[in-house]
Amino acid sequence: MRSTYIPTYTPARESAHGDTWRELAACKGEDPELFFPNIQGNRHRKAAQIAEAKAVCRSCDALAPCRAYALENREPSGVWGGLDEEDRDIGVRHPEGQRP
(Lines give C-alpha, C1' and ligand atoms only; values in the text may rest on other atoms or scores of the structure.)
Protein backbone atom coordinates (compact mmCIF):
# COMPACT_ATOMS: atom_id res chain seq x y z
CA MET A 1 0.00 0.00 0.00
CA ARG A 2 1.30 3.39 -0.97
CA SER A 3 1.47 6.01 1.77
CA THR A 4 -0.36 9.29 1.42
CA TYR A 5 1.56 12.54 1.77
CA ILE A 6 -0.23 14.74 4.29
CA PRO A 7 1.72 17.92 4.99
CA THR A 8 2.02 19.21 8.49
CA TYR A 9 2.23 22.80 9.61
CA THR A 10 5.61 24.25 10.38
CA PRO A 11 6.11 27.94 11.25
CA ALA A 12 8.56 28.37 8.36
CA ARG A 13 5.74 27.49 5.95
CA GLU A 14 3.21 29.96 7.34
CA SER A 15 1.40 31.99 4.74
CA ALA A 16 1.85 35.73 4.38
CA HIS A 17 -1.83 35.81 5.40
CA GLY A 18 -0.96 34.48 8.85
CA ASP A 19 -2.12 31.21 10.28
CA THR A 20 -5.45 32.19 11.84
CA TRP A 21 -7.32 30.94 8.76
CA ARG A 22 -6.60 27.38 9.89
CA GLU A 23 -8.85 27.90 12.89
CA LEU A 24 -11.73 28.90 10.57
CA ALA A 25 -11.20 26.09 8.07
CA ALA A 26 -14.25 23.95 7.31
CA CYS A 27 -11.95 20.95 6.82
CA LYS A 28 -10.64 21.18 10.38
CA GLY A 29 -13.06 18.53 11.62
CA GLU A 30 -12.98 16.38 8.49
CA ASP A 31 -10.92 13.26 7.83
CA PRO A 32 -7.66 14.46 6.19
CA GLU A 33 -7.78 11.47 3.83
CA LEU A 34 -10.71 13.15 2.06
CA PHE A 35 -8.42 15.95 0.89
CA PHE A 36 -5.54 13.66 -0.09
CA PRO A 37 -7.06 10.92 -2.25
CA ASN A 38 -4.87 7.87 -2.62
CA ILE A 39 -6.98 5.87 -5.05
CA GLN A 40 -4.80 4.02 -7.52
CA GLY A 41 -6.22 2.99 -10.86
CA ASN A 42 -9.75 4.26 -10.39
CA ARG A 43 -9.93 7.79 -11.74
CA HIS A 44 -13.72 7.96 -11.29
CA ARG A 45 -13.50 7.25 -7.55
CA LYS A 46 -10.61 9.72 -7.23
CA ALA A 47 -12.58 12.39 -9.12
CA ALA A 48 -15.59 11.81 -6.86
CA GLN A 49 -13.45 12.16 -3.74
CA ILE A 50 -11.85 15.36 -5.05
CA ALA A 51 -15.32 16.74 -5.82
CA GLU A 52 -16.44 15.93 -2.27
CA ALA A 53 -13.39 17.69 -0.82
CA LYS A 54 -13.97 20.73 -3.04
CA ALA A 55 -17.59 20.86 -1.82
CA VAL A 56 -16.29 21.24 1.75
CA CYS A 57 -14.00 24.03 0.53
CA ARG A 58 -16.87 25.90 -1.14
CA SER A 59 -18.57 26.28 2.25
CA CYS A 60 -15.39 27.45 3.97
CA ASP A 61 -14.74 30.92 5.40
CA ALA A 62 -10.99 30.36 4.96
CA LEU A 63 -11.06 29.46 1.25
CA ALA A 64 -9.06 32.47 -0.01
CA PRO A 65 -6.17 32.35 2.50
CA CYS A 66 -6.00 28.56 2.23
CA ARG A 67 -5.76 28.82 -1.54
CA ALA A 68 -3.10 31.54 -1.27
CA TYR A 69 -1.11 29.39 1.17
CA ALA A 70 -1.17 26.41 -1.20
CA LEU A 71 -0.09 28.50 -4.19
CA GLU A 72 2.62 30.40 -2.27
CA ASN A 73 4.06 27.18 -0.85
CA ARG A 74 3.51 25.11 -4.00
CA GLU A 75 1.73 22.35 -2.12
CA PRO A 76 2.42 19.20 -4.14
CA SER A 77 -0.70 17.23 -3.29
CA GLY A 78 -4.20 17.35 -1.94
CA VAL A 79 -7.12 19.74 -2.19
CA TRP A 80 -6.33 23.17 -0.73
CA GLY A 81 -8.61 26.18 -1.00
CA GLY A 82 -10.86 24.33 -3.43
CA LEU A 83 -7.99 23.54 -5.81
CA ASP A 84 -6.51 20.13 -6.52
CA GLU A 85 -2.96 19.55 -7.80
CA GLU A 86 -3.89 20.14 -11.43
CA ASP A 87 -5.81 23.33 -10.63
CA ARG A 88 -2.86 24.72 -8.65
CA ASP A 89 -0.42 23.84 -11.41
CA ILE A 90 -2.53 25.80 -13.89
CA GLY A 91 -2.77 28.70 -11.42
CA VAL A 92 1.00 28.84 -10.95
CA ARG A 93 1.80 28.63 -14.64
CA HIS A 94 -1.01 31.00 -15.65
CA PRO A 95 -1.87 33.40 -12.80
CA GLU A 96 -5.44 34.58 -12.40
CA GLY A 97 -6.69 31.78 -14.63
CA GLN A 98 -5.06 33.16 -17.77
CA ARG A 99 -4.38 30.33 -20.14
CA PRO A 100 -2.27 30.69 -23.27
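**Figure 1. C66, a buried cysteine.** At 11% relative accessibility, C66 counts as buried. The cut-off for that label is under 20% relative accessible area. The model shown here is predicted.

**Figure 2. Cysteines without a bond.** The structure holds zero disulfides. C66 takes part in none, and its nearest cysteine sulfur, that of C27, lies 6.1 Å away.

**Figure 3. The largest nonpolar core.** This core has 16 residues. Which of them touch the most other members? They are W21, L34, F35, A53, V79 and W80. Two elements give two or more residues each: α2 (43-58) and α3 (63-72). The largest share comes from α2, with four residues. As a general background, nonpolar side chains in soluble globular proteins tend to be buried together.

**Figure 4. Contacts of L34.** L34 is among the core residues that touch the most other members. Neighbours within four places in sequence are set aside here. What remains in contact with L34 is Q49, E52, A53 and V56. Of these partners, A53 is itself listed with L34 among the core members that touch the most others.

**Figure 5. P32 in its loop.** P32 is found between α1 (21-24) and α2, in the loop. Is P32 buried, partly exposed or exposed? P32 counts as partly exposed, because its relative accessibility is 42%. The C-alpha atoms of P32 and V79 are separated by 9.9 Å. Along the chain, these two residues are 47 residues apart.

**Figure 6. The whole chain, for context.** The chain has four helices and zero strands. Read along the sequence, the pattern is α-α-α-α. The chain has 100 residues, and 35% of them count as buried. How much of the contact set joins residues at least 24 apart? Among contacts between residues at least 6 apart in sequence, the share is 52%. The accessible surface of the chain comes to about 6,700 Å². Carbon and sulfur atoms account for 51% of that surface.

Technical notes. Residues are numbered from 1 along each chain as its sequence is written. This is a predicted model: local features need pLDDT of at least 70, side-chain atom pairs count only at pLDDT 80 or more; totals for chains, interfaces and linings use all residues. Side-chain values use heavy atoms; hydrogens and water are left out. A nonpolar core is a set of buried Ala, Val, Leu, Ile, Met, Phe, Trp, Tyr and Cys residues joined through side-chain atoms within 4.5 Å. Buried means under 20% relative accessible area, exposed over 50%, partly exposed in between (1.4 Å probe, protein chains only). Contact means heavy atoms within 4.5 Å. A disulfide is a pair of cysteine sulfur atoms within 2.5 Å. Accessible areas come from the Shrake-Rupley method with a 1.4 Å probe; for residues, only the protein chains shown count as cover.
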